[in-house]
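Please keep the sequence and the model in view while reading.

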Amino acid sequence: ANEIIEKRGKEVPISRQQPVTRSFPFDLQRRSSRMKKIEARMKELPRLMAENKQSLSPNFKKVQVLHDTYHYPPGMFGNFDETPIRLSNELSPTQFYTDAFPPSPIIAPPRTANASLVPFVCADGQHLTTFLLWPADKVPPELDPLIARDFQIIANKSGYMNKETLTQQCMPVWIKEIDEKRKCIRPPVYADQHFLMLFDSHSSRGDLDMIRELRLNNIDAVSIVPNSSGVSQPLDLCPNGRLKSVLNKDQGWVAESGAEGYRIELCKRLEEGTAALLFPPTIRQGFELSGYLDGQAENCLKRVPDKPQVPNQVAQSYHPKPRGFALGAKVLTDQHNIDRWQDFIDSKDAKQEEIEEKRKERLKKKKAKQQEKEDLSLEKQVKMIDRKMNKLRNRNSRKRRRIMNETDISDGEEYYQDGCELNIDDEGEEDQTEDFTETEDADPESLNNDETNVEDESSEEENLLNNVPKKRKRNSPIIIDDDDLSPKKCTVNKKRTSKASKEAMQSLETESRWRQYKK
């Protein structure tokens, strides 16, 4: 590409004559131009509404009341927070560049799920156990050198802090260490000395049972103002910045490219970063800048404006809706807040039960309506079958069940007789219904006498022409002679079998369904 660019003439624009200088995913020329500019970015509206004296002052007053009541020494004041760590599958991504233009030192490797580092620091410069939340089912063996007495790794699949991880794995360890630290502090501080725990209003902190456990262990839990951690949380003011500066170094990655090599190098970086994060002067500086130490609220308030830097109309219309119980800017271990929290949970459960009852009632009505609809359709079907049966009875006074429209003759001829009717019961069963009785067929008037047929042949021909059905015995086949088929005399004496018409099959099906529903 560069050779093609060099061969271009002067008429080509200058922007197209420059060599190809691309790195993944940043461009060196674009990056150098950005460094010459000053980009001013507007903060998010929640941060603008939180980072001011009007919003922060009430929370500082609450903490000062706790300081005046329990007289926390520096070792009895702590803060914990989680910091995301960007992970990758590779150590050295491929990049293309020319000799005249070296590549950019900032490279964006392929992304994976983030991990989280959760430190717990105290105002005297000491720290409790630090946790690394790893996004996997188990801890990789490359991270085993990190595990120590004050450093633990938790594989919780997501890599982020949640209620289960905090309440079941992290907080029990910290409570035990706080009790041990109480015993180590000399008089006049005794074992019943209260501990001030400061944290943000993340949803993972919203567990009422955990807050009650903290209260039983003389730990006062205070949440900072939401969206103000950048100016008032000790860990975000200094220690976390030192950690990220070590993790974001572009030099020192000496392992081979690949996921395993990346984890080996990350283990080294985490050792250096954790040492920078937990450096005692760095921790103390963060607490001093936060303003939550005894009588040092001005260290934070002097760096923020008096009011939100937004128009009055925007400030008056800003009413954020918290998800669940509002955790921000509260002394959560106060009994009044615990009672309010419990009332909120009870009202929420009652509302949920009411919603569930309404849902069950709607489902019950829906099922009843569906059942009513099915019963109605079944009733209509039964009425339709009864109506069809009544029509069949009215059409056939003898209650015969099969009407023969077509008769197949064995020698290939077809004989059509509309009035020929056949009454056949189910095979192997006796007909016990009122419509078909043996006494009716036993009636002498309903039977044909062979002698009468021989003597009165002319009357039979007239009955055949007038479509008068022939009377026969039950379950006996119809026998048709050739003399009955045509006026010509024929001496064929073969017996012919009858074939059921569509109308007859439909009547049989209708009667079977009618019997089924009647049962």
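Between which helix and which strand does the loop that holds N218 lie? N218 lies in the loop between helix 7 (208–216) and strand 8 (219–223), where helices (H or I, at least four residues) and strands (E, at least two) are DSSP runs numbered from the N terminus.

## Basis of the model

This is a predicted model, in which local features need pLDDT of at least 70 and side-chain atom pairs count only at pLDDT 80 or more, while totals for chains, interfaces and linings use all residues. Residues are numbered from 1 along each chain as its sequence is written, and side-chain values use heavy atoms, with hydrogens and water left out.

N218 is not a glycine, yet it has a positive phi of about 60°. At 23% relative accessibility N218 counts as partly exposed; on the scale used here, buried means under 20% relative accessible area, exposed means over 50%, and partly exposed is in between (1.4 Å probe, protein chains only).

H71, also not a glycine, has a positive phi of about 55°. H71 lies in the loop between helix 5 and strand 1, and with a relative accessibility of 58% it counts as exposed.

## Nonpolar cores

A nonpolar core is here a set of buried Ala, Val, Leu, Ile, Met, Phe, Trp, Tyr and Cys residues joined through side-chain atoms within 4.5 Å. The largest such core has 42 residues, of which L56, F77, I85, L132, W134 and L146 touch the most other members. Helix 11 (residues 259–277) gives the most to this core, contributing 5 residues. A second, separate core has 30 residues, including I154, I211, L332 and I338. In soluble globular proteins, nonpolar side chains tend to be buried together.

Contact means heavy atoms within 4.5 Å, and on that criterion L56, leaving aside its neighbours within four places in sequence, is in contact with A50, V225, S228, V231, C300, L301 and V304. C300, one of these partners of L56, is buried, with a relative accessible area of 0%.

## Cysteines

C170 is likewise buried, with a relative accessible area of 0%. A disulfide is a covalent bond between the sulfur atoms of two cysteines. For the search, a disulfide was taken as a pair of cysteine sulfur atoms within 2.5 Å, and across the whole structure 0 disulfides are found.

Rings of Phe, Tyr and Trp (its six-membered ring) pair if their centres lie within 6.5 Å, with planes under 30 degrees apart counted as stacked, over 60 as edge-to-face and the rest as tilted. The whole structure holds 11 aromatic pairs. In one of them, F60 and Y292 are tilted, with 4.6 Å from centre to centre and 40° between the planes. This pair links distant parts of the chain, 232 residues apart, since F60 is in helix 5 (residues 53–70) and Y292 is in the loop between helix 12 and helix 13 (298–301). F60 counts as buried at 6% relative accessibility, and Y292 is buried with a relative accessible area of 1%.

F80 and F199 form another tilted pair, 5.5 Å centre to centre with 40° between the planes. F80 lies in strand 1 (residues 77–80) and F199 in strand 7 (residues 195–199), so the pair ties together parts that are 119 residues apart in sequence.

## Polar and charged residues on helices

T282 is found in helix 12 (residues 280–290) and counts as buried at 1% relative accessibility. Leaving aside neighbours within four places in sequence, T282 is in contact with C238, P239, R242 and A276. The side chains of T282 and R242 are joined by a polar contact of 3.3 Å, a term for a pair of N or O atoms within 3.5 Å; within protein, one must be able to donate a hydrogen and the other to accept it, and residues adjacent in sequence count only if both atoms are side-chain atoms.

E177, in helix 6 (residues 163–184), counts as buried at 17% relative accessibility. E177 touches L128 and T129, not counting residues up to four places away in sequence.
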